[in-house]
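Please look through the sequence and the model below. The paragraphs that follow go through some of its parts in turn.

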2 protein chains.
Amino acid sequence: MSISAAYKMILDNAVIALHKRTFFAQYPEHPSPKIYGETADKDGREKFQELLNKPFDELNQQREHKWTGSEESPYLQEPLGIEYPVMEAATLIERATEAFQGWRKASPEDRAGVLIDSLERVKNRFFEIAYATMHTTGQGYMMAFQASGPHAADRALEAIAAGFEELKRFPDAVLWDKPMGKYNLKLNKTWRAVPKGIGLVIGCSTFPTWNSVPGIYASLITGNPVIVKPHAGAVLPIAIFVSEITNAMKNAGYSVDTCQLAVDTIDAPITKELAENAAIKVIDYTGNSEFGNYIESLSGKSVFTEKTGVNSVIIDSAEDIDKVAQNLAFSVALYSGQMCTAPQNLLISRDGIKTPSGMVSFEEFAQKFVDNINGLVDNPKAGPFVLGAIQNPKTCARTESVEKLDGKVWLSSRTIENPMFKNARIMTPVVLEVEGKDEAIYAKELFGPVALLIKTRDTYDSVSIAQRMAMIHGAISCGAYTTDGDMKEYIADQMALAATPVSFNLTGGIYLNQHAGFSDFHVTGGNPAGNASFTNPEFVIKRFTWVGTRELVV
Amino acid sequence: MSISAAYKMILDNAVIALHKRTFFAQYPEHPSPKIYGETADKDGREKFQELLNKPFDELNQQREHKWTGSEESPYLQEPLGIEYPVMEAATLIERATEAFQGWRKASPEDRAGVLIDSLERVKNRFFEIAYATMHTTGQGYMMAFQASGPHAADRALEAIAAGFEELKRFPDAVLWDKPMGKYNLKLNKTWRAVPKGIGLVIGCSTFPTWNSVPGIYASLITGNPVIVKPHAGAVLPIAIFVSEITNAMKNAGYSVDTCQLAVDTIDAPITKELAENAAIKVIDYTGNSEFGNYIESLSGKSVFTEKTGVNSVIIDSAEDIDKVAQNLAFSVALYSGQMCTAPQNLLISRDGIKTPSGMVSFEEFAQKFVDNINGLVDNPKAGPFVLGAIQNPKTCARTESVEKLDGKVWLSSRTIENPMFKNARIMTPVVLEVEGKDEAIYAKELFGPVALLIKTRDTYDSVSIAQRMAMIHGAISCGAYTTDGDMKEYIADQMALAATPVSFNLTGGIYLNQHAGFSDFHVTGGNPAGNASFTNPEFVIKRFTWVGTRELVV
């Protein structure tokens, strides 16, 4: 099979978009009936419900030795009852090794065709994936739809496009013709992009598709078979993705074992056994820094990580401080701070914030910020949907512990009612004021709905703290508010040295938490928050090797 | 300053050449008086002689705390008597850190202009560098001229071009304009390529410029200052390069400390102290695998290595077996096997080699091979110039020990006279026959003029051994002779899986040892012989980080 004209057009547009970095989306982000069909939402919800309390049998996988499942809905606080086939690590490796021989010989065009086909199949399941994501991660409906469906598919397409471009970067064959004076020396040369070997993609519990599909598709487009090891608490969304990849593979005549799902349980994990296997040559990882550092330390593998970081917001000056407080309140509340891009440390000079109507004091801003959070979470049409639910009970404990830290509690965390899910695990943001000198408190990730208002000496001190946090502990995002052009460049330059992207002066309906496919590099790879970036050229190049041949022309 | 039109044309041509991968050379490889001037050779030799027995004071470096030098000519077996400024690691790091602030802000065009200017300055010193290379590495005159002069400069230009292209890959700024239904959400976005930090380039004793300048120029073009740590036995060639880089920096108004030479002695090495310093973010290394593996194990750094390997030649069938024997004899003798690309293991079926005039037995080929080596080394117009001299006395001991291994000695190593250098350290190749099962003998690099003729079960066995050696011990080159199209593809495919480039059916004046700039990727990065490749995109991409900013358009 070769790529169809329709898929080739999708691919070509994606490659162009990669370079233009202006707005581009292949998959519409709005769950609109006009786009996805009048019954799409209802159908998706019903399909999700049909999957509950039974084995998930869509994976085209054989030879499982048992079935397991431990997912639990943060909205219902009860098990989903879905079981997945379990295979031993050796079986997974053996089957991937066999599948490798066929997949590595497929042309870049053929691979792109199969992979885009899988995304088109997934598109028909966006709503089902949305409900699966809600009931594993605790995300609100809208985020669950967007992040796990169209945004993930766009990130996957971006990886396909980036890989395709690199695979086509050098000629397949040339005549090398060197003048030697009396004669020309001629060699026929060829180059092949040789895939490194089996890829392992290790998922996280909060963004089970968005964070995993870039690695899956980047490894696949470059010819590597993939074993997908989801977090035991968030399997279903990525299981649906994997099932559609195997369907596309089967349809095109490739082995379904080119992409396998490897489910384990928290009690009997197989991640290390897989990661340390010599046949695993590429690893993509999303999760905590401790395990991520272990993954990075493995030798003989190309490793791509997204770990944790400490994200800062530098507030120097603003046109409209109320809009700033409103925007940041939303950023902190969105999915209860369970995004890797969520801001944690809000850095404000003890002298306050410059505005056209005079200085706004640290305390005034703190009050505005708290008022906005309360207004948001107490709005029954917004609060439950923005906050979502807490994925992991440990996050609740951490959030509660923040109030016991040495600082002024501006806002306590509490719970609110979600009218649709009375049992939902919900915590509203806690807001604590700390001093710039109290680095022991803020120099770590406090994952969850936690905002620290840090009182600094001045904006330069704020920048210095934000930079140091990023350099030492990593950072994935940074917000900054300033009306001063020189200060803006200073912040951009200093944070660039810490390899942290900066969002300036965001107000209204755009938040620093959001990174757009085909435009924003997500994680830069240049600080301890991770060594990889969606999707820069490095993200695909390190998955294969350029190897040449030469032959004398006689 | 900005790049001149002349230099911009050099750069543009180099970028095009990178992609076309056909023959391209900016710097003529022949030391012809017509190209370089009637007196260029004589002038260069005299300038080299003037440098002997005194301090090398061209480095624009200050604050040295002592002077040292331990180079010795393999042709004269006596010290060169040149001393270089020695600085403490902390001083080097401190000065590089200061220089970084200016260099990182230079535009890609400005950096390329300065770096091409340095190559044009070096071009005037190719002959001086040639003599410096002869009398540190033991290379013959022609190789010393080509490898350390024009070929090195071309590899440097290749790295500049590759870096420049990556730095220009994404737009500096775009308007991101997202339709939201009733309004458009607009962000101004910018991207900057942020250099990682100080680069350290660790050189080797046999190719002091060719193996070091790709890393030096790749780090510099991407905005990183560089500390060059040459092998204590081969400083002068790269010292001349570094001095011209500092001259070009000075001329353009950049700090001379952007590229510093760090000379140490074998007794008081500073490589580890530099390499482990947290400020060193990029390391390029050429040398033995043991130290290379240590360098690769350092965390928090982008590391590029070329280590050692076991290079094979698979001899299946040939049109003209005499030409094969002649070609391989030259390959083995060239610079006494002290090239990282030199073949070591010649794999031949016990059934012999298929030719149009029937099978040539293993023994017949062995005799032809030995006869060709003798014919070459005993030819006074060729032998001394092809062999050159042995850089390190340990190589002599290793070569002598080969005869004591368990196998038939087809040819003993001996010495010949170099009429120009009576004291030259010379050893001719040793040829040993071993069985395919005797892996303990051939499964390691025997650096120096050593050829093993390995008797295998058949060509498939030969391929299997060559692949295994490459996968386990690394390989930088592979030769193959076959007249069978299916076998050719089989060899190319199997060696590609071991990330080893294959040269097919080379006879006449082209040898598998030679890798051409702008066409052959030198070292693939995909097997244990090294993790880097001259110059693939990865070689420059990992030296900087893409960092974006976004600002709301109001």
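A salt bridge is taken here as a side-chain nitrogen of Lys or Arg within 4 Å of a carboxyl oxygen of Asp or Glu. The model is a predicted one. In chain B, Arg125(B) and Glu58(B) form such a salt bridge, and their closest N and O atoms are 2.7 Å apart. Arg125(B) sits in the loop between helix H5 (108-123) and helix H6 (126-137) of chain B, and Glu58(B) in the loop between helix H3 (40-51) and strand S1 (66-68) of chain B, so the pair ties together parts that are 67 residues apart in sequence. Arg125(B) has a relative accessible area of 6% and is therefore buried, whereas Glu58(B), at 23%, counts as partly exposed.

Over all chains, the count by this rule comes to 70 salt bridges. One of them is in chain A, where the side chains of Lys229(A) and Asp264(A) meet at 2.8 Å, N to O. This pair also links distant parts of the chain: Lys229(A) belongs to strand S8 (residues 226-229) of chain A, and Asp264(A) to the loop between strand S9 (259-261) and helix H10 (271-276) of chain A, 35 residues apart. Lys229(A) counts as buried because its relative accessibility is 6%. Asp264(A) is buried as well, with a relative accessibility of 6%.

Arg169(A) forms a salt bridge with Glu166(A), with 3.0 Å between the closest N and O atoms. Both of these residues, Arg169(A) and Glu166(A), are buried.

Next comes a sheet. Ten strands, written as 10 in the count, form an open sheet with mixed pairing, in the order S5(A)-S6(A)-S21(A)-S20(B)-S19(B)-S12(B)-S13(B)-S18(B)-S17(B)-S16(B). At the edges stand strand S5 (173-179) of chain A and strand S16 (408-411) of chain B; each has a single partner strand, so one side of each is left without a neighbour in the sheet. From one strand to the next, the twist averages 25 degrees. S5(A) is joined by seven bridges to strand S6 (residues 184-195) of chain A, and the two run antiparallel. Within this pair, Leu175(A) stands opposite Asn188(A) in S6(A).

What covers the buried residues of helix H17 in chain B? The cover includes strand S12 (312-315), strand S13 (345-349), helix H16 (439-442), strand S18 (450-456) and helix H18 (485-497) of chain B. Among the buried residues of H17(B) are Val463(B), Ile465(B), Ala466(B), Met469(B) and Ala470(B). The helix has 15 residues (residues 459-473), which at 1.5 Å a residue should span 21 Å; the end C-alpha atoms are 20 Å apart, which agrees. At the start of H17(B), a side-chain oxygen of Asp458(B) comes to within 3.1 Å of the backbone nitrogen of Tyr460(B). After H17(B) comes Gly474(B), with a positive phi near 90 degrees.

Two single residues complete the tour. Thr305(B) is placed in strand S11 (residues 302-306) of chain B. Its relative accessibility is 1%, so Thr305(B) counts as buried. Apart from neighbours within four places in sequence, Thr305(B) is in contact with Tyr285(B), Gly292(B), Glu296(B), Gly530(B), Asn531(B) and Ala532(B). Gln101(A), in helix H4 (residues 89-103) of chain A, counts as partly exposed because its relative accessibility is 36%. Gln101(A) and Pro225(A) are 124 residues apart in sequence, with 9.4 Å between their C-alpha atoms.

Definitions and conventions:
Residues are numbered from 1 along each chain as its sequence is written. Chains are lettered from A and ligands numbered from 1 in the order in which they are written. This is a predicted model: local features need pLDDT of at least 70, side-chain atom pairs count only at pLDDT 80 or more; totals for chains, interfaces and linings use all residues. Side-chain values use heavy atoms; hydrogens and water are left out. Helices (H or I, at least four residues) and strands (E, at least two) are DSSP runs, numbered from the N terminus. The expected span of a helix is 1.5 Å times one less than its number of residues. Buried means under 20% relative accessible area, exposed over 50%, partly exposed in between (1.4 Å probe, protein chains only). Contact means heavy atoms within 4.5 Å. A polar contact is a pair of N or O atoms within 3.5 Å; within protein, one must be able to donate a hydrogen and the other to accept it, and residues adjacent in sequence count only if both atoms are side-chain atoms. Two strands pair if DSSP finds at least two bridges between them. Axes are lines fitted to C-alpha atoms, for helices over the stretch in contact, and angles run from 0 to 180 degrees between N-to-C directions.
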